[in-house]
Amino acid sequence: SCWVLGGPALGDRDLRPLRVGERKRLLAGVVRGAGVLRALDHLEGDGRPLLALCRERALEGIVAKRASSPYRSGPKRSADWVKTKCERDEEFVVVGWTVGERGRRDLGALDLASYRDGELVLRGKVGSGLDEATIKTLRQRLDALVVDEAPRAHGKWVPAPRGRTFVRPEVVVSVRFLGWSDEGVVRH
């Protein structure tokens with residue numbers, strides 16, 4: 001098999017116009033086993049059980065493709081492909097907060113960490129989803145914990161161009177996020 005003009009081919013046969021199921025069937029005959037490259041099972045119908053399995057196993061999610069869709073190259077997405085990501089809920093300890101922008105100048109984002117083998121590891125910052133009432137409650141709790149120096153933690157602090165306030169790591173928050181970056185930082 002090879003790629004012709006930015007799309008899949010089998011010998012000199014261009015596979016781009018074929019339906020996704022037919023492309024997968026042909027390519028599965030060429031790519032066999034569970035090596036670096038492998039052909040995945042083709043599932044049709046209700047994808048909710050597969051998505052539930054992905055959530056249970058903390059996988060990133062699924063990509064669903066319209067069965068009749070041809071192959072389209074390039075970065076542009078079409079309505080024939082739908083990506084459904086699994087959200088995760090985990091608890092983190094707050095180690096600081098950053099100054100926000102525009103209407104969120106009081107508290108823009110929380111700096112997060114988690115414990116690994118008894119030591120703090122920086123996990124990035126989060127701020128979306130914080131309403132004014134939550135910000136007010138957080139500031140009341142965090143203002144009493146302000147310290148002059150950053151808590152000892154492994155990892156890099158996410159830049160805070162408008163400023164950062166450090167706190168003793170005593171407040172725990174539950175955060176919904178999509179996954180982890182390669183650096184071990186939460187992804188929104």
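At 51% relative accessibility, Arg 141 counts as exposed (exposed means over 50% relative accessible area, buried under 20%, and partly exposed in between, with a 1.4 Å probe and protein chains only). Arg 141 lies in helix α3; helices (H or I, at least four residues) and strands (E, at least two) are DSSP runs, numbered from the N terminus. Between the C-alpha atoms of Arg 141 and Trp 157 there are 22 Å, with 16 residues separating the pair in sequence.

## Basis of the model

The model is predicted: local features need pLDDT of at least 70, side-chain atom pairs count only at pLDDT 80 or more, and totals for chains, interfaces and linings use all residues. Residues are numbered from 1 along each chain as its sequence is written, and side-chain values use heavy atoms, with hydrogens and water left out.

## Overall form

The protein contains 3 helices and 13 strands. Its radius of gyration is 23 Å, whereas a compact globule of 188 residues would have a value near 16 Å; the radius is taken over C-alpha atoms, and the globule rule is 2.2 Å times the number of residues to the power 0.38. The C-alpha trace spans about 70 × 40 × 30 Å along the principal axes.

Of the 188 residues, 30% are buried. Among contacts with a separation of 6 or more, 53% are between residues 24 or more positions apart, where contact means heavy atoms within 4.5 Å.

## Surface and charge

The protein exposes about 12,800 Å², and carbon and sulfur atoms supply 50% of that area. Accessible areas come from the Shrake-Rupley method with a 1.4 Å probe; for residues, only the protein chains shown count as cover.

There are 35 positive and 26 negative charges, and their mean positions are 6 Å apart. Lys and Arg count as positive and Asp and Glu as negative, while His and the chain ends are not counted. Each charge is placed at NZ of Lys, CZ of Arg, CG of Asp or CD of Glu.

## The buried side of helix α1

Helix α1 covers residues 20-28, and its buried residues are Val 20, Arg 23 and Leu 26. These residues lie on the same side of α1, because they cover an arc of only 130° around the axis; the arc is that of the directions from the helix axis to the C-beta atoms. An α-helix has 3.6 residues a turn, so residues three or four places apart point the same way. The cover over the buried residues of α1 includes β2 (7-10), β3 (13-14) and β4 (61-65).

Asp 111 belongs to strand β7 (residues 109-116). Its relative accessible area is 2%, so Asp 111 is buried. Leaving aside neighbours within four places in sequence, Asp 111 has contacts that include Val 93, Gly 96, Trp 97, Thr 98, Lys 125, Trp 157 and Arg 164. Asp 111 and Leu 122 are 11 residues apart in sequence, with 7.9 Å from C-alpha to C-alpha.

Thr 98, one of those contacts of Asp 111, is in strand β6 (residues 88-98). Thr 98 has 4% relative accessibility and therefore counts as buried. Apart from residues up to four places away in sequence, Thr 98 touches residues including Leu 107, Gly 108, Asp 111, Lys 125, Ala 160 and Arg 164.

Arg 139 is part of helix α3 (residues 132-143). With 18% relative accessibility, Arg 139 counts as buried. Beyond its neighbours within four places in sequence, Arg 139 is in contact with Trp 97, Asp 106 and Leu 107.

In the loop between β8 and α3 is Leu 130, which counts as buried at 18% relative accessibility. The C-alpha atoms of Leu 130 and Leu 107 are separated by 9.3 Å, the two residues being 23 residues apart along the chain.

## Two further loop residues

Asp 117 is in the loop between β7 and β8 (119-126) and counts as exposed, at 78% relative accessibility. Most residues other than glycine have a negative phi. Asp 117, although not a glycine, has a positive phi of about 55°.

Arg 168 occupies the loop between β10 (164-167) and β11 (172-177) and counts as partly exposed, at 36% relative accessibility. Arg 168 and Ala 34 are 134 residues apart along the chain, and their C-alpha atoms are separated by 48 Å.
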